[in-house]
Each structure stands twice: as C-alpha cells, then as structure tokens.
Amino acid sequence: MKRKKILFIIIIILVVIGVLLYMKFTKKEEVLEAEITPLEEMTEEQERQTMISLYYTNIETNTLMPEARVIDVKELVENPYKVLVELLIEKPKNEKFESSIPEGTKVNNAVLKNNVVEIDLSKEFIENQKGDVEKASLSIYSIVNTLTELNEVNAVKILVDGDSNKKFNNIELSLKDVFIRKS
C-alpha cells in the first residue's frame, strides 16, 4: 500500500511538471509570435526610410546638437556624404537650432577614401564665415559629427574649391588637418 502511495505521488508530480513545462513553452511561442508579427504592415515607402542625425548649432547654448531626420534611402544611394552636407546647409526643423554652415556654401564634391571623407566646399564656406574661431569650429564639426555617424567614416578632410591649404578670413584656423569626431 505504501508503494502505491509513493508511486501515485510520483505520477502526480510528473504530471504537474509536464503541465507546467507545456504551459511555459506555449507561452514562449505565443510571446515570440507576438514579437515577430507586426501590428500593421509596413508600406513600401516606410521600408525605404532611414533615420539620420544632422548636427546643428543650438542657439541657446552655442553647442552642436543632433537633429534626427527620416529620409528616403534612395536619396543616399549615389553620394550619401554630399547629400548629408547639403541637408546640413538647409535650415533645421527645430526652431532652437540653426545651420552652422555659412550661407551660400555649396558642396562641390564628396568622396570616401580609406575611411576619410574628403568634402569639397565652395569658397563661401570660408568667405561667409561670421564670428570667431568658435563659430568656425562649429561649422567644421557640424560636418564632421554628421558624417562620422556613418559606420564607414572615421574622419573628414575639408577642401575649399579643391584646396586644403585654406584659412578662414580673419580667423586663425586652417583646414590643413583631417578632422576627427568631437564629442
């Protein structure tokens, strides 16, 4: 009789363990299915969009701040570096930000060479620079921080009309160097 009780208890325990394991695995499958199944289908347009960060000057703090933008990936296919700098030249969406790039600046070309983007800007980049070394530095690092958000870019070399040996007007700051991201 004692053996039957022990056997009965063991069977009950095994059944309970089996039921608990079954419940545990079915819940995991339900959770996984819920995570995988989107609540709504993505449109073709949404599938082509990506998030980028553009660095603008915060008017209140005079520091660079990122502004997130969602753009169509097709815009970045041909020359993403040129497109990003052209977007930087435009007015930011946030009213507390302003473009750090001097007005009238154009992007002549942008090329990636050995993880360094060589960005060739028009002469307006240095001629229309207003302010001091700090303003010029914000202009440079607005470009550098934006482009180094891309995985393949480690540094940026800025050229003005094809020349890297340029100085800002009345500012002791030269474009001879390769610029690395500034935090």
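The model is predicted: local features need pLDDT of at least 70, side-chain atom pairs count only at pLDDT 80 or more, and totals for chains, interfaces and linings use all residues. Residues are numbered from 1 along each chain as its sequence is written, and side-chain values use heavy atoms, with hydrogens and water left out.

**The sheet**

Helices (H or I, at least four residues) and strands (E, at least two) are DSSP runs, numbered from the N terminus. Two strands pair if DSSP finds at least two bridges between them. Three strands form an open sheet in the order E2-E1-E3, and the pairing is antiparallel. Strands E2 (63-72) and E3 (97-98) are the edges, each pairing on one side only. Strands of a sheet pair through backbone hydrogen bonds, either parallel or antiparallel.

| Pair | Bridges | Sense |
|---|---|---|
| E1 and E2 | 10 bridges | antiparallel |
| E1 and E3 | two bridges | antiparallel |

Strand E1 spans residues 49-58. Gln49 stands opposite Asp72 in E2. On the E3 side, Thr57 has Glu98 as its bridge partner. E1 and E2 make a hairpin with four residues between them. In that turn, Asn62 has a positive phi of about 55 degrees.

**The helices across it**

Axes are lines fitted to C-alpha atoms, for helices over the stretch in contact (heavy atoms within 4.5 Å). Angles run from 0 to 180 degrees between N-to-C directions. Helix H3 (residues 80-89) lies across E1 and E2, at about 45 degrees to E1. H5 lies across E1, E2 and E3, at about 170 degrees to E1.

H5 covers residues 133-147, 15 residues in total. From first C-alpha to last it reaches 21 Å, close to the 21 Å expected at 1.5 Å a residue; the expected span is 1.5 Å times one less than the number of residues.

Is H5 enclosed or open? Among the buried residues are Leu138, Ile140, Tyr141 and Val144.

**The largest pocket**

A pocket is an open set of points on a 1 Å grid where a 1.4 Å probe fits, with protein on both sides within 12 Å along at least five of seven lines. The largest holds about 310 Å³ of space. Of its 15 lining residues (an atom within 4 Å of a point), Ser99, Ser100, Ile101, Pro102 and Glu103 are the closest to its centre. H5 gives the largest share of the lining, three residues.

Note on methods
Buried < 20%, exposed > 50% of the residue type's maximum accessible area, 1.4 Å probe, protein only. Points joined across faces, edges and corners; volume = space filled by probe spheres on them.
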